[in-house]
Amino acid sequence: MEDPHAGALVLFEGRARDHHEGRPVLQLAYEAYAPMAEKELGLLREKAIERYGLTRCAVHHRIGVVPLTEAAVIVATSSAHRAESFQAAAWIMDEIKQRVPIWKRERYRDGSESWVECTHRFQM
């Protein structure tokens, strides 16, 4: 992410937390259609660079089990000024949830599991 033209570097980590909508969560697991997910993440990266005038951008999303407190997704953006980097990181996260075929399953303390945030997928 080093770039002499960049005065800003924003690093966002989306972490596994111990609750969701009032339910205690023990563990998260992510599944994906990897070829399409990788392609979409790359397209989002390129679009963010163009749209926000970024000097650099990196996006990584984990697949598989993600223990509590660990990062599930990392977005790094750099730009000449901070506003563009903050805006780009937020935009990338919103777009990941809308466009990228990665699905999250939560395991709860009571032993039950559920897929979450999947109702909006693939609305074009």
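**Entry 1. Strand E4**

I began with strand E4, where the side chains alternate between two faces. I recorded Cys-57, Val-59 and His-61 as pointing to one face and buried. I note here that the model is a predicted one.

I then looked up the pairing of E4 and found six bridges joining E4 to E6, the two strands running antiparallel. Which residue in E6 is the bridge partner of Cys-57? I found Thr-77 in that place.

**Entry 2. The sheet around E4**

I traced the sheet as an open one of three strands, in the order E1-E6-E4, with antiparallel pairing. Its edge strands are E1 (8-15) and E4, each of which pairs on one side only. I read an average twist of 10° from one strand to the next.

E1 and E6 (residues 71-79) pair in the antiparallel sense, and I recorded eight bridges between them. In this pairing Phe-12 stands opposite Val-75 in E6. I also noted that H2 packs on the sheet, where it touches E1, E4 and E6. The direction of H2 makes about 145° with that of E6.

**Entry 3. The chain as a whole**

I next looked up the overall composition of the protein chain, which has two helices and eight strands. From the N terminus on, I read the order of elements as β-β-β-α-β-β-β-α-β-β. Along the principal axes, the C-alpha atoms fill a box of roughly 50 × 30 × 20 Å.

I found that buried residues make up 37% of the 124 residues in the chain. I also looked up the contacts between residues at least 6 apart in sequence: of these, 68% join residues at least 24 apart.

**Entry 4. Helix H1**

I turned to helix H1 (residues 34-52), which has 19 residues. From its first C-alpha to its last, H1 reaches 26 Å, close to the 27 Å expected at 1.5 Å a residue.

Which residues of H1 are buried? I listed Ala-37, Glu-40, Leu-41, Leu-44, Ala-48 and Tyr-52. They cover an arc of only 100° around the axis, so they lie on the same side of H1. An α-helix has 3.6 residues a turn, so residues three or four places apart point the same way.

The face of H1 turned away from the buried side carries exposed residues, namely Pro-35, Glu-38, Lys-39 and Glu-50. I then asked what covers the buried residues of H1. The cover includes strand E3 (23-32), strand E4 (56-61), helix H2 (82-99) and strand E7 (102-108). After H1 comes Gly-53, for which I read a positive phi, near 65°.

**Entry 5. Helix H2**

I applied the same length check to H2, whose 18 residues should span 26 Å at 1.5 Å a residue. Its end C-alpha atoms are 25 Å apart, which agrees.

I listed the buried residues of H2 as Ser-85, Ala-88, Ala-89, Trp-91, Ile-92, Met-93, Glu-95 and Ile-96. These buried residues pack against E1, H1, E4 and E6.

**Entry 6. Salt bridges**

How many salt bridges does a search of the whole structure find? I recorded nine, and I looked up several of them individually.

One joins the side chains of Arg-99 and Glu-95, at 3.6 Å from N to O. Arg-99 and Glu-95 are separated by about one helical turn, because they are four residues apart in helix H2. Is Glu-95 buried or exposed? I read 18% relative accessibility for Glu-95, which therefore counts as buried, the cut-off being under 20%. Arg-99, at 23%, counts as partly exposed.

Another salt bridge joins Arg-15 and Glu-13, with 2.7 Å from N to O. I found Glu-13 partly exposed, with a relative accessible area of 32%.

In a further salt bridge, the side chains of Arg-105 and Glu-113 meet at 3.4 Å, N to O. Arg-105 is partly exposed, with a relative accessible area of 22%, and Glu-113 is also partly exposed, at 37% relative accessibility. I followed the shared partners from this pair and found that salt bridges join Glu-31, Arg-105, Arg-107 and Glu-113 into one network.

Methods:
Residues numbered from 1 in each chain as written. Predicted model: local features only at pLDDT ≥ 70, side-chain atom pairs only at ≥ 80, totals over all residues. Heavy atoms only, no water. Expected span 1.5 Å × (residues − 1). Buried < 20%, exposed > 50% of the residue type's maximum accessible area, 1.4 Å probe, protein only. Arc of directions from axis to C-beta. Contact = heavy atoms within 4.5 Å. Salt bridge = Lys/Arg side-chain N within 4 Å of Asp/Glu carboxyl O. Pairing = 2+ DSSP bridges. Axes fitted to C-alpha atoms, helices over the stretch in contact; angles between N-to-C directions.
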